[in-house]
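Below are some notes for a colleague who has not seen this structure before.

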Amino acid sequence: MIALPQTVRLHEAQRALDAALGQLDERLRAAPAQALDVDLSGVHDYDSSLLALMLGLARRAAADGGSVRFTGAPDNLYRLAALYGVDELLLTPRRAEAATP
């Protein structure tokens, strides 16, 4: 499982992405074409940069033949993803629909 830091905002996003991509690459080298879980439960302070980070992880995994599943997302993140139109790309549709106002 890949864990993200508590804060993912514009100024921290690149550092967080680099660290997460390092973890992703390491796991995909060990076991290519696997589905990896990314734990979002520890992320408490974020902005739309978190969505960009999630998209970056999903793109890298797909390019290497793998995939990612984002788990533990807070309800507000579902709403933010829906606002940007990426909820169905990144999050399970069941939860995304339940969080839509």
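1. In this predicted model, aspartate 25 and arginine 60 form a salt bridge through their side chains, at 2.6 Å from N to O. The two residues belong to distant parts of the chain: aspartate 25 is in helix α1 and arginine 60 in helix α2, 35 residues apart. Arginine 60 is partly exposed, its relative accessible area being 31%.

2. The structure has four salt bridges. One of them joins arginine 9 to aspartate 45, with 2.6 Å between the closest N and O atoms. Because aspartate 45 sits in strand β4 and arginine 9 in the loop between β2 (7-8) and α1 (10-30), this pair ties together parts 36 residues apart in sequence. Both residues are partly exposed: aspartate 45 has a relative accessible area of 31%, and arginine 9 has 34%.

3. Arginine 9 also meets the side chain of aspartate 47 in a salt bridge (3.9 Å, N to O). Here the link runs from the loop between β2 and α1, which holds arginine 9, to the loop between β4 and α2 (49-63), which holds aspartate 47; the two are 38 residues apart.

4. On confidence, the average pLDDT of the chain is 87, and 91% of the residues score at least 70. The pLDDT is below 50 over residues 94-100, a stretch with eight contacts in the model beyond near neighbours in sequence.

Definitions and conventions. Residues are numbered from 1 along each chain as its sequence is written. This is a predicted model: local features need pLDDT of at least 70, side-chain atom pairs count only at pLDDT 80 or more; totals for chains, interfaces and linings use all residues. Side-chain values use heavy atoms; hydrogens and water are left out. pLDDT is the predictor's confidence in each residue, from 0 to 100. Contact means heavy atoms within 4.5 Å. Helices (H or I, at least four residues) and strands (E, at least two) are DSSP runs, numbered from the N terminus. Buried means under 20% relative accessible area, exposed over 50%, partly exposed in between (1.4 Å probe, protein chains only).
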